[in-house]
Amino acid sequence: MRILVVAASKHSSTTEVADLIGTELGSLGHDVRREPVETAETGDAEAVVLGSAVYMSRWMAPARDFAERNAAVLAAVPTWVFSVGLVGAEADDPLRIEEKVLDKVSPVGAAAFTGRLDSAILSLRERSVTRLTQAPEGDQRDWHAVRAWARSIDAELREHLAAGTG
Ligand SMILES: Cc1cc2nc3c(=O)[nH]c(=O)nc-3n(C[C@H](O)[C@H](O)[C@H](O)COP(=O)(O)O)c2cc1C
C-alpha cells in the first residue's frame, strides 16, 4: 500500500525513528513516501504514519499543523501516530500524544517511544528546562520496539484491507 510517513523533530532523534518506520514498512513491500512534515501532502496515500517529538508536554507545531491541515483525509485513511519523548518527563500521560490530534485523527494505533537527550547539542535554555524535568541524558531509543511497531502497522493494514474487501 502507499504509505506516507511524516514526523516533526528538532534534534533529529524523531526523524531517525520515522526513517526506521519507513524503512521497515518498505521492506515489508509497501510503497513508502518519507517526506518533511512541513511540506508533505497526503496526495494518494492509502495510509499515514504521523509522529512528533514532545517538547514541554506538547507535540511540535509542524506535526500539529499537519494534523489540522489534513484532518479530513486523516480521518478517512487509516492513520497511526507516535510520540518520541523521555519517560518520566511527563509521567501522567504515558502516550504523550496531543489530545487534539487524537480527536482529529482517530488513529488506528498510537505509540510512544523513548528519545534521545544530548545536552551537548541543546541551547542553554533547553538545558535548563531538561535539568528541571530531570530527563535522563543519552540515547534511550529502542530500535527493536520501533521496528516491532512498524511491523504491527503492516499487520493491522492487512487486516484493514481484508475487512474492507471481505
Ligand atoms: C527543552 C526540552 C523539553 C522537553 N520536554 C519534554 C516533555 O515535556 N515530555 C517528554 O516526554 N520529553 C521531553 N523532552 C525530551 C525530548 O522529547 C527528547 O529529547 C526527544 O528525543 C527529542 O526529539 P528530537 O531529537 O526529534 O527533537 C524535552 C527535551 C528538551 C530538550
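Ligand shell. I looked up what lies around the ligand in this predicted model and found 25 residues, the closest being Ser 9, Thr 14, Ala 53, Gly 85 and Gly 115; a residue is near a molecule if its C-beta atom, placed from the backbone, lies within 6 Å of it. The elements giving two or more residues to this shell are α1 (13-27), β3 (47-55), β5 (79-85), β7 (116-117) and α5 (124-133). Helices (H or I, at least four residues) and strands (E, at least two) are DSSP runs, numbered from the N terminus. I sorted the shell by class and got 11 nonpolar, 9 polar and 5 charged residues. Ala, Val, Leu, Ile, Met, Phe, Trp, Tyr, Cys and Pro count as nonpolar, Asp, Glu, Lys and Arg as charged, and the others, Gly among them, as polar.

Numbering and limits. Residues are numbered from 1 along each chain as its sequence is written. The model is predicted, so local features need pLDDT of at least 70 and side-chain atom pairs count only at pLDDT 80 or more, while totals for chains, interfaces and linings use all residues.

Strand β5. I checked burial and found 7 of its 7 residues buried (20 or more other C-beta atoms within 10 Å of the residue's own; exposed is 12 or fewer, partly exposed in between; C-beta atoms placed from the backbone). Thr 79, Val 81, Ser 83 and Gly 85 point one way from β5, and Trp 80, Phe 82 and Val 84 the other. In a regular strand the side chains alternate between the two faces of the sheet.

Pairing. Two strands pair if DSSP finds at least two bridges between them. β5 pairs with β3 in the parallel sense over 6 bridges, and Ala 53 has Val 84 as its bridge partner. Another 6 bridges join β5 to β6 (residues 109-114), also parallel; there Gly 85 stands opposite Thr 114.

Backbone angles. Most residues other than glycine have a negative phi. I noted Ser 12, with a positive phi of about 80°, in the loop between β1 and α1. Ser 12 counts as partly exposed because it has 13 C-beta neighbours inside 10 Å. Ser 106 has a positive phi of about 40°.
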